[in-house]
Amino acid sequence: MLVLPSRTLAAVWVVAVVLLPLVLPDPYVLRVAAMTCIFAAFAASWDLLAGYAGQVNFGHALFFGAGAYSSALLSLRLGFSSWLAVGAGALISTAIGLAVGYLCLRLRGSYLSLATLAFPLILIGVLFAFPDFSGGELGVTGLQPLAATRVGNYYIAAFAMLALVFGIWAFADSRYGLVLHAIRDDELAARASGIDTTRYKLAVFGISAAAAGVTGGLYAHFMRGAGPSTLETALSFQVVIWGVFGGLATIYGAVTAVFLLYPLTEWLGSFSAFGELRLLIFAVVVLLVLLFMPRGLTPWVRDRIETRCPRCKQQNPAWRELCRICGAPLRHAQAKALAQSPR
């Protein structure tokens, strides 16, 4: 775990997430931290679909909102327990993800992205058509939280986030993830190699939707309600910003972006002097990172603290001169990587 700087940072982050209530028990801090955990897992689910599979989804809030509304309505209208409602909401989101994937995978590139943008708007229209059941523009409120205390709710959000993020990362780092990389880079070559690309992309739509549905259900029970804001286009574009800011096809990049940007916007909002300027400050920060770090924040940082061995392709600490696996010299490889990295 402590062999590489990136793994050490990940371990420190996990410890900080677990120990936060003991260090900062303030209710406002725990609320922001819990929301950060929920949105971090949501961003990781988008990165799996867009970063690894190359299926850029501009309507990812559909799965988040479907999980939130399904969990809320099942709990309030049908009397499901909170935990059962979250699980059922995730299954409904998975089914919606498979249906959307089946329809949209007939398209390619920007056409697929624009098509996915329409589905959250369609679901909002359907919910508004039955206001007595869905609550209409006001949504539904009065849900029971998953835990009786604020600390308990935080730990549920935190441990669910850790399970989802590391589960998604392990999935993306497996053989399945390698196939997704091949499909993203050259789908025709992957298909010529005998890979059923449609089946793989449809499966990743379902997995991504399931993870997003879990986060939506957690959000609904944490906020004790669900409304149209969980399906808004702004949320879909927000998760795109998080993914691009942190670095595509990394999983940890999207999580890092949420842990940096979401508390930043909340902190700026606490100052009346900033007011409406907090969104402008947020935009400036994102633009500066994308200007000087085109591949995202975390790949830029990792290139400076680790070196990739030119022989065995394993990561090594930047201060090593020889590879820890095969013993190949690293100084020349590090200088070449920094020279080729975009400024």
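How far is the sulfur of Cys309 from the closest cysteine sulfur, and in which residue does that sulfur lie? Select Cys309 and Cys326: the two sulfurs are 3.5 Å apart, too far for a bond. A disulfide is taken here as a pair of cysteine sulfur atoms within 2.5 Å, and the structure holds zero of them. Cys309 is buried, at 1% relative accessibility, and Cys104 is buried at 2%. Buried stands for under 20% relative accessible area, exposed for over 50% and partly exposed for values in between, with a 1.4 Å probe and protein chains only.

The model is predicted: local features need pLDDT of at least 70, side-chain atom pairs count only at pLDDT 80 or more, and totals for chains, interfaces and linings use all residues. Residues are numbered from 1 along each chain as its sequence is written, and side-chain values use heavy atoms, without hydrogens and water.

Next, select helix α1, residues 5-23. Helices (H or I, at least four residues) and strands (E, at least two) are DSSP runs numbered from the N terminus. At Val17 the helix has a kink of about 40°, shortly before Pro21; the bend is the angle between axes fitted to the seven residues ending there and the seven starting there. Pro5, Val17, Leu20 and Pro21 are buried in α1. The partners against which the buried residues of α1 pack include α2 (27-52) and α7 (150-172).

Move to the largest nonpolar core, which has 77 residues. Such a core is a set of buried Ala, Val, Leu, Ile, Met, Phe, Trp, Tyr and Cys residues joined through side-chain atoms within 4.5 Å. Helix α2 gives the largest share, 18 residues. Among the members that touch the most others are Phe39, Trp242 and Ile251. Beyond its neighbours within four places in sequence, Ile251 is in contact (heavy atoms within 4.5 Å) with residues including Leu48, Tyr52 and Trp169.

Now display the aromatic rings, which form 13 pairs. Rings of Phe, Tyr and Trp (its six-membered ring) pair if their centres lie within 6.5 Å; planes under 30 degrees apart are stacked, over 60 edge-to-face and the rest tilted. Phe39 and Phe64 are stacked, because their centres are 5.9 Å apart and their planes lie at 25°. Both residues are buried. Phe58 and Phe237 form a tilted pair, at 5.5 Å centre to centre and 40° between the planes. Phe58 is partly exposed at 22%, and Phe237 is partly exposed at 34%.
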